[in-house]
Amino acid sequence: MASKPGSGSKPDIPPYFNIDPEEAAAKLNGTIDTARFARAAAFASRGRDDLARRGYAPDGKKRLRKFSTWEICRYLIPVAPAHLRRVLKANPELPQGTGDGGSKWFTLDEILLLREHFAEEGAQNRQYKPWRPEGLPAKVVAVANFKGGVGKTTTAAHLAMSAALDGYRVLVIDLDSQGSMTSVMGGTVSDEWETAFPLLARDYAMALQAENRVREAGGQAPFPLDETLTEALGVSPRNLVQKTHWPNIDLIGAQLNLYWAEFQVPVWRMQLRSWPLWDALSNALNDGGLLDDYDVVFLDTPPALGYLTINALAASDILLVPLGASFLEFDSTGRFFDMIYSTFASIEEGENRMRRAEGLPEIGFQWDAVRAIVTRFDAAQQTDLANVVQAYFGDFMTTYRQEVTAMVGQAGEQVSGIYETDYRDFNRDTYIRGRETFDRTWAEVKEVIQGTWWRDMKLAEAEAQAGDRQEDE
């Protein structure tokens with residue numbers, strides 16, 4: 001009889017030597033059928049709800065903490081603490097904060113009111129409110145990379161919170177069916193009809209109605225609109241928006257059924273080849289008035305270049321691409337850029353071929369700016385590779401590398417951002433270093449946003465002047 005592999009033992013050998021197959025088999029459970037995954041999913045759902053609510057109030061809702069005088073004067077409003085106290089004493093109608101002694105605590109709503117006061121009464125050479133030109137739409141920022149685990153949701157969430165702390169009105173749209181951003185923002189989504197899915201369905205239904213008008217004029221039978229499309233026609237983008245525990249951040253959330261869009265969109269496209277599926281989210285943002293309601297819209301995308309991500313890229317003015325300073329993530333990001341090129345170049349080629357035949361102007365996709373952001377950066381081990389990434393991606397890169405910090409992990413355990421954590425839970429220096437990780441990232445992104453707004457404003461002014469000259473002639 002042949003001896004079993006692994007019989008006999010030797011001291012000080014790796015644990016993968018001398019494994020007894022019979023003993024290994026005895027440790028196994030039975031074979032796994034599909035129902036077992038349902039039980040695992042149910043357990044995970046209960047555990048996810050339990051973990052998510054660690055950062056929630058006893059009533060099951062998230063609450064944004066208050067901010068101290070020290071935080072306000074250091075990070076939010078450019079005033080000295082002593083001057084802030086004098087202003088509050090002289091203006092009792094302003095929010096006075098809570099707490100004893102010199103340090104008061106304020107809600108973000110109260111801080112926004114203080115911003116308004118200082119913008120009217122403060123020093124002329126200081127910026128108390130974030131700049132945005134009047135008459136121009138919100139900037140749409142997509143955070144995307146088809147490699148998972150690079151920090152897309154963490155980056156998008158902290159940028160949204162940074163913008164809100166600055167005083168911007170922010171809309172976050174979660175396009176990832178995993179719903180991580182929705183959890184961070186404390187959102188509740190019961191089914192796909194509370195996600196971006198009906199926006200895509202509505203756009204297709206409207207395209208189908210337009211096509212049916214053409215078909216009816218030509219004596220052809222119209223395409224039918226099923227129950228899903230009929231219901232989608234009654235959905236307004238504003239109806240999908242839900243408030244969050246941040247007074248100036250709203251959310252269109254996500255949940256697992258949103259992934260159905262990846263299967264349904266190509267079916268719709270096959271039925272109506274003329275439907276520009278990549279424009280569905282752009283049309284919803286433009287036609288639904290959301291670009292007038294907010295200053296900045298952040299799109300958190302799934303880790304794949306599917307139809308939801310394509311819509312996010314097409315709708316965005318600015319593309320942010322998080323990646324780690326590793327070879328695999330550098331390689332994957334390069335392939336992501338290649339897929340963006342091939343996907344959108346193919347769309348341009350196909351559309352413009354038809355447009356040239358019909359004598360219509362050609363289309364072309366353009367972005368105001370693209371920035372790749374190095375995340376989870378460890379200067380002691382990754383500086384050389386990060387420098388290589390910087391050299392190859394050049395002006396696509398942000399200057400600052402988002403350093404790894406224990407604060408992110410600790411905040412993540414509470415399903416919160418670092419701006420939502422109380423600095424008194426940390427050593428003061430630890431808090432300052434951890435917060436700087438995202439403050440400096442936001443500083444670069446904010447500069448890009450404001451720079452593109454400025455460029456748009458000057459272009460609009462030049463076009464208006466040219467129009468005035470033509471009228472005079």
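# A guided tour of the predicted model

Of the contacts in the protein (heavy atoms within 4.5 Å) with a separation of 6 or more, 77% are between residues 24 or more positions apart. The model is predicted, so local features need pLDDT of at least 70 and side-chain atom pairs count only at pLDDT 80 or more, while totals for chains, interfaces and linings use all residues. Residues are numbered from 1 along each chain as its sequence is written, and side-chain values use heavy atoms, with hydrogens and water left out.

**Whole chain.** Along the principal axes, the C-alpha atoms fill a box of roughly 105 × 80 × 50 Å. Of the 473 residues, 45% count as buried. Buried means under 20% relative accessible area, exposed over 50% and partly exposed in between, with a 1.4 Å probe and protein chains only.

**Nonpolar cores.** Select Trp268 and Leu299, which touch the most other members of the 65-residue largest nonpolar core. Helix H8 (residues 197-217) gives the most to this core, with seven residues. A nonpolar core is a set of buried Ala, Val, Leu, Ile, Met, Phe, Trp, Tyr and Cys residues joined through side-chain atoms within 4.5 Å. Beyond its neighbours within four places in sequence, tryptophan 268 is in contact with Phe197, Leu200, Ala201, Tyr204, Leu229 and Trp275. Another core, of 59 residues, lies apart from it and includes Leu94, Leu112, Val143 and Tyr168.

**Asparagine 145.** Is asparagine 145 buried or exposed? With a relative accessible area of 1%, asparagine 145 is buried. Its side chain is joined to that of threonine 333 by a polar contact of 3.0 Å. A polar contact is a pair of N or O atoms within 3.5 Å; within protein, one must be able to donate a hydrogen and the other to accept it, and residues adjacent in sequence count only if both atoms are side-chain atoms.

**Leucine 305.** Select the loop between strand E7 (296-300) and helix H14 (307-315), the place of leucine 305. This leucine 305 counts as buried, at 16% relative accessibility. Leucine 305 and isoleucine 340 are 35 residues apart in sequence, yet their C-alpha atoms are 8.1 Å apart in space.

**Salt bridges.** The structure holds 17 salt bridges, each a side-chain nitrogen of Lys or Arg within 4 Å of a carboxyl oxygen of Asp or Glu. Select lysine 129 and glutamate 116, whose side chains meet in one of them (3.2 Å, N to O). Lysine 129 lies in the loop between helix H5 (108-121) and E3, and glutamate 116 in helix H5. Then go to helix H18 (residues 428-472), where arginine 435 and aspartate 439 are four residues apart and therefore separated by about one helical turn. Their side chains also meet in a salt bridge (3.1 Å, N to O), and arginine 435 counts as buried at 4% relative accessibility.

**Surface.** Finish at Ile13, Tyr16, Phe17 and Ile19, which make a nonpolar surface patch of about 430 Å². Such patches consist of residues with over 30% relative accessible area and no salt bridge, like charges being joined within 9 Å and nonpolar side chains (Val, Leu, Ile, Met, Phe, Trp, Tyr) within 5 Å. Accessible areas come from the Shrake-Rupley method with a 1.4 Å probe; for residues, only the protein chains shown count as cover. Isoleucine 13 is partly exposed, with a relative accessible area of 33%.

Conventions:
Helices (H or I, at least four residues) and strands (E, at least two) are DSSP runs, numbered from the N terminus.
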